[in-house]
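Open the model in your viewer and keep the selection tool at hand. This tour goes stop by stop, with something to select at each one.

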Amino acid sequence: MAKDSFLSRAFHLYYDGFRQMTLGRTLWAIIFIKLFVMFAILKVFFFPNFLKEHAQPGQEDDYVATEMIERSAKP
């Protein structure tokens with residue numbers, strides 16, 4: 001009988017653990033909902049596209065380079 005590899009045993013460990021969860025599924029659903037709210041909804045309302053407002057289209061890299069040079073020269 002051949003031994004299972006480490007990856008195979010690790011996969012089966014997690015697979016069996018997630019399959020037998022009851023409360024854990026609810027907690028994972030809450031985590032995914034919170035992540036969706038943080039990254040999808042809050043980003044739209046609270047984090048505008050700064051480069052789109054301040055740099056010319058196609059010149060974003062020049063704007064960032066100029067700002068970095070100017071800010072590093074200030075004491």
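Select residues 23–46. This is helix H2, with 24 residues. In this predicted model, H2 reaches 33 Å from its first C-alpha to its last. That is close to the 34 Å expected at 1.5 Å a residue.

Stay on H2 and pick Val37. A kink of about 30° is centred there.

Next come the charged pairs. How many salt bridges does a search of the whole structure find? The search gives 2. Visit each in turn.

For one of them, select residues 6–19, helix H1. Show the side chains of Asp16 and Arg19. They form a salt bridge, and their closest N and O atoms are 2.9 Å apart. Both residues lie in H1, 3 residues apart, or about one turn of the helix. Now colour by accessibility. Asp16 is partly exposed, at 31% relative accessible area. Arg19 is partly exposed too, at 47%.

Move on to residues 60–73, helix H4. Show Glu67 and Arg71. Their side chains meet in a salt bridge, 3.4 Å from N to O. How many residues apart are Glu67 and Arg71 in H4? They are 4 apart, which is about one helical turn. Is Arg71 buried or exposed? With 60% relative accessibility, Arg71 counts as exposed.

Side chains of opposite charge can then pair when their charged atoms come close.

Methods
Residues are numbered from 1 along each chain as its sequence is written. This is a predicted model: local features need pLDDT of at least 70, side-chain atom pairs count only at pLDDT 80 or more; totals for chains, interfaces and linings use all residues. Side-chain values use heavy atoms; hydrogens and water are left out. Helices (H or I, at least four residues) and strands (E, at least two) are DSSP runs, numbered from the N terminus. The expected span of a helix is 1.5 Å times one less than its number of residues. The bend at a residue is the angle between axes fitted to the seven residues ending there and the seven starting there. A salt bridge is a side-chain nitrogen of Lys or Arg within 4 Å of a carboxyl oxygen of Asp or Glu. Buried means under 20% relative accessible area, exposed over 50%, partly exposed in between (1.4 Å probe, protein chains only).
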